[in-house]
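The sequence and structure come before the discussion.

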Amino acid sequence: MAEPKLLSTQQIAEHNTAKDLWIVVDGQVWDMTDFAPEHPGGIGIILQYAGRDASQPYNEIHAPSLLTKTLTSSKLVGTLDTSTISDSWAKPPPQQNPKVQLKNEKPPLFTLLSTYDFESVAEKTLAPKTWAFYSSAATDLVTHKANQSFFDRIWFRPRVMRNIRTRDTSGKIMGQNVELPIMCSPAAMAKLVHPDGEKAIARGCQSKGIIQCVSTNASFPIEDITSSLTPSQNGPPPLFFQLYVSKARSASEALLRQVWSLGIRTIFLTVDSPLAGKREADERVRMDDDQQGIPMMTGAGKPVNDKRGGGLGRITGSFIDEGLDWSDLPWLRQHWKGKIVLKGIMCAEDASRAAEEGLDGIVVSNHGGRNLDTSPPAILILLDLHRNAPHVFDKLEVYVDGGIRRGTDILKAICLGATAVSLGRPFLYSLNYGPEGVEYLIDMLKDELSVAMALVGITSLDQAHPGLVNTNDVDHLVPTTEGHPYAKKRSQPLKAKM
């Protein structure tokens with residue numbers, strides 16, 4: 001195979017129009033003439049860098065392998081002769097808007113003391129659209145706020161005079177050993193926060209002995225994420241995979257085959273998001289040119305602004321099959337031989353159905369308050385299961401996702417029967433510091449959990465039990481029956497009086 005042609009900046013700069021468009025990415029010169037009009041984010045951002053080096057804006061958004069997967073080898077016209085680079089060629093294009101200078105710089109990582117500190121830093125330092133996307137929740141944020149506040153309404157009943165010199169926070173999730181009972185929840189497009197996105201989260205989680213659940217809408221292909229890990233010596237990699245079922249079922253089937261081939265053996269099927277809720281903060285902040293067309297693993301639903309706004313959650317979820325129901329489980333089992341967890345259970349009746357269907361686990365969750373506002377807070381759903389479907393705890397693993405910000409929150413969920421908990425936003429905000437931030441967050445939560453265990457009077461998580469918490473402040477809000485306790489549906493319309 002012939003060596004790529006060495007091209008000077010002068011030669012590259014001549015190809016600077018929509019009809020003749022070259023760009024440089026990481027030293028490689030690509031002919032984008034045919035692709036640019038089809039670019040999901042529009043031709044504008046590519047034209048800005050016509051005849052120039054587009055490495056920086058490209059790498060801020062895209063996976064390194066995307067170009068080689070999207071374009072044929074014939075579009076690689078050569079390599080950049082770095083000896084010909086001049087200051088005038090290297091400077092940003094004149095039509096590019098200047099980058100906004102942030103007034104607040106990130107403080108040193110060691111000065112952060114809680115998940116709330118990570119959140120505060122993220123609000124001040126992430127791009128406005130990134131912050132809007134991840135922090136937003138549905139309509140009036142009632143459920144989003146209740147997810148956290150309901151943990152505060154549950155009180156401990158500590159035991160004293162216990163030998164708590166040594167404590168063990170470890171456990172198992174779907175048969176895989178973990179150093180503490182938490183998972184990183186699946187979240188879309190983590191590259192918006194950090195160039196290494198989900199790969200950085202995966203490395204941080206692996207180094208601290210916990211599991212990351214990778215989103216269908218991750219910004220890197222799943223094989224790129226798995227290859228960023230240190231190979232596992234025993235058992236599957238420390239990854240689960242979250243599945244949104246596509247309207248094009250064949251696409252989901254191919255994705256499942258790929259995930260299985262990489263050694264992942266557990267999927268989390270999201271069932272609370274047939275469509276996205278109205279997230280007004282996300283809609284209000286429209287995407288810049290370089291944020292549109294962000295690639296995702298699915299290759300579908302790429303984000304673009306529309307007349308309703310710039311809601312990433314709404315636009316990127318357009319590929320999800322709104323018709324998914326319980327009768328589709330045989331189809332899923334036909335194409336997935338591993339373990340299946342339903343993510344997004346919000347009532348005891350559906351938890352019972354999941355147990356009857358022989359599923360391996362459920363996540364009690366309202367999608368972080370991002371879909372149906374005034375749906376129940378996650379910890380209240382867990383109590384609903386205890387009152388109305390206690391048998392599910394003997395049949396499958398139960399996880400809690402929503403509102404967990406402290407080690408005390410983790411312990412309360414474990415005391416109330418959860419196998420583990422899952423956190424989303426805190427991991428994304430910690431990613432603002434790269435894999436080191438992820439590791440720091442995990443250490444912080446582990447320390448908080450260990451201290452809470454000691455002060456409650458236990459030394460291992462298998463000693464946790466409901467008698468260590470007082471739920472009286474919320475017990476009156478736990479449903480007592482499957483239906484409404486007194487309101488009845490009118491069976492027939494009233495007849496008109498003559």
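On a 1 Å grid over the protein atoms alone, a cavity is a set of points where a 1.4 Å probe fits but cannot get out, whereas a pocket is an open set with protein on both sides within 12 Å along at least five of seven lines, and lining residues have an atom within 4 Å of a point. Grid points are joined across faces, edges and corners, and a volume is the space filled by probe spheres set on the points.

The model is predicted, with local features needing pLDDT of at least 70 and side-chain atom pairs counting only at pLDDT 80 or more, while totals for chains, interfaces and linings use all residues. Residues are numbered from 1 along each chain as its sequence is written, and side-chain values use heavy atoms, with hydrogens and water left out.

**Cavities and a pocket**

The structure holds two cavities of 30 Å³ or more. The lining of the largest cavity is made up of Cys184, Ser185, Pro186, Ala187, Ala190, Glu198, Ile201, Gln212, Cys213, Val214, Ser215 and Leu428. Helices (H or I, at least four residues) and strands (E, at least two) are DSSP runs, numbered from the N terminus; in these terms, H9 and strand S10 (211-214) each supply at least two residues of that lining, and the largest share, three residues, comes from S10. Around the second largest cavity lie Met183, Ser185, Pro186, Cys213, Phe268, Lys343, Val363, Asp401 and Ser422.

For the classes below, Ala, Val, Leu, Ile, Met, Phe, Trp, Tyr, Cys and Pro count as nonpolar, Asp, Glu, Lys and Arg as charged, and the others, Gly among them, as polar.

| Space | Volume | Lining by class |
|---|---|---|
| Largest cavity | about 50 Å³ | eight nonpolar, three polar, one charged residue |
| Second largest cavity | about 40 Å³ | five nonpolar, two polar, two charged residues |
| Second largest pocket | about 710 Å³ | 14 nonpolar, 21 polar, nine charged residues |

The second largest pocket is lined by 44 residues, of which Pro186, Tyr244, Arg279, His367 and Arg370 are the closest to its centre. Two or more residues of this lining come from each of helix H7 (128-135), helix H8 (142-152), helix H13 (312-316), strand S16 (420-423) and helix H18 (425-430).

Axes are lines fitted to C-alpha atoms, for helices over the stretch in contact, and angles run from 0 to 180 degrees between N-to-C directions. The axes of helix H9 (residues 197-207) and helix H19 (residues 435-456) come within 8 Å and cross at roughly 40°. H9 is therefore oblique to H19, given that angles under 35 degrees count as roughly parallel, over 145 as roughly antiparallel, 65 to 115 as roughly perpendicular and the rest as oblique. With contact meaning heavy atoms within 4.5 Å, Ala200, Ile201, Arg203, Gly204, Cys205 and Ser207 of H9 meet Pro435, Val438, Glu439 and Ile442 of H19. The residues of this contact comprise six nonpolar, two polar and two charged.

Helix H17 (residues 407-415) also crosses H19, with axes that come within 7 Å at an angle of roughly 60°, and the two are therefore oblique to each other. On the H17 side, Gly407, Thr408, Ile410 and Leu411 meet Leu445, Glu448, Leu449, Ala452, Met453 and Val456 of H19; seven of the contact residues are nonpolar, two polar and one charged.
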